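Please find my notes on the model below. They are meant to be read with the structure open.

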Amino acid sequence: MPSQSVSHAEGVASRPVFSSSMPAQKPDFASAVARFLRYLAAERDASPLTIKSYREDLTALWEYMNEAAGGPVSPDRITVSDLRGYVAAMHEADYAAGTIARRLASLRSFFRFGMREGWVNDNPAKPLRNPRKPRNLPHVLSTEEIGRLLQAPPANDPMGLRDRAILETMYSAGLRISETVGLNDADLDLNEGIVRVRGKGKRERLAPLGSYAARAVRRWLQVRRLHPSLSESMDRPLFVNRFGRRLTTRSVARMLEKYLRQTGLDRRTTPHTLRHSFATHLLDRGADIRSVQELLGHKSLVTTQIYTHVSTAGLRAVYEKAHPRAR
């Protein structure tokens, strides 16, 4: 596809976008893409990154069609069979399921716009189903590994006490990293062992805080009070850096990486691994899945069900190791 015409389309968002009231035209592929990108910029207020992604996805189809047909093909000549061949070619090239699904979404939007403009009669991408994404089981730590990790931060250093309180809180309450750094003093009730969490979609939930986590947080608060730059407001952040400012998610991730190196634990471990481990360990010990759903703050039970697969996999491993006739 001639990149010049497509790139030019990104810089003309102020031009009027072709509408269905104008005479139907049969543009070539490059012209159709240019119109579509102007539409995204002017009417959909799409970001430059989004427009770039659409352009790349449509360029990939243009290159495939040029090769398959032996020359340029206008959008109105592209059929469902052509797109099935395109999807098959992506599968043969070992494209990830997510990449194929994204490209199909781009094509559906492009041809839907073409129907609105009148230069295609139907949407050949609409009947195509997205490939099923492989459901990778989340990485979890064993209870013994969790114990090693939680003991890693030094107990004789203020930042060590803070790090231990963070890790204990994330594992005890099953918090996301963003939820953890977003905690304020007012969210904490150590006497009741409860923390108020602001999750995805601004949904709030109450999460239990175990005795180990509560003790670690109390010890951190004792040393944090000595920080000269902290105000006494109840909306002050619970976890702060050396300068008294709220920690960032990247700071917590770097902190975890440091303790992973010290303990020799699996480097695939991320802050979210603590949340995965929280859910898996609860199910392993008999918690019902709906309770775990509530504790995680999942809107749908389907999201929580992946942990039942992890738990079952663990049971299978134990069975195969212990049963004399398992293999």
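Predicted model: local features only at pLDDT ≥ 70, side-chain atom pairs only at ≥ 80, totals over all residues.

1. Sheet layout. Three strands make up an open sheet in the order β1-β2-β3, and their pairing is antiparallel. The edges are taken by β1 (188-189) and β3 (204-208); each has a single partner strand, so one side of each has no neighbour in the sheet.

2. The β1 and β2 pairing. Strand β2 spans residues 194-198 and runs antiparallel to β1, with two bridges joining them. Across this pairing, Asp189 is found opposite Ile194 of β2.

3. Which residue does Arg198 meet in a salt bridge? The partner is Asp187, at 2.6 Å from N to O. Arg198 belongs to strand β2, while Asp187 sits in the loop between α8 (177-181) and β1, so the contact ties together parts 11 residues apart in sequence.

4. Salt bridges overall. Side chains of opposite charge can pair when their charged atoms come close. The structure has 15 salt bridges. Among them is the one between Asp57 and Arg103, whose closest N and O atoms are 3.9 Å apart. Asp57 is part of helix α3 (residues 48-69) and Arg103 of helix α5 (residues 97-117), so this pair links parts that are 46 residues apart in sequence. Are these two residues buried or exposed? Both Asp57 and Arg103 are buried. With a cut-off of 4 Å between the side-chain nitrogen and the carboxyl oxygen, the 3.9 Å of Asp57 and Arg103 qualifies as a salt bridge.

5. Arg176 and Glu179. A further salt bridge joins the side chains of Arg176 and Glu179, with an N to O distance of 2.5 Å. Arg176 has a relative accessible area of 10% and is therefore buried. Glu179 is buried as well, with a relative accessible area of 3%; the cut-off for this class is under 20%.

6. Arg261 has a relative accessible area of 51% and so counts as exposed, the cut-off being over 50%.

How values were computed: Residues numbered from 1 in each chain as written. Heavy atoms only, no water. Buried < 20%, exposed > 50% of the residue type's maximum accessible area, 1.4 Å probe, protein only. Pairing = 2+ DSSP bridges. Helix = DSSP H or I, 4+ residues; strand = E, 2+ residues; numbered from the N terminus.
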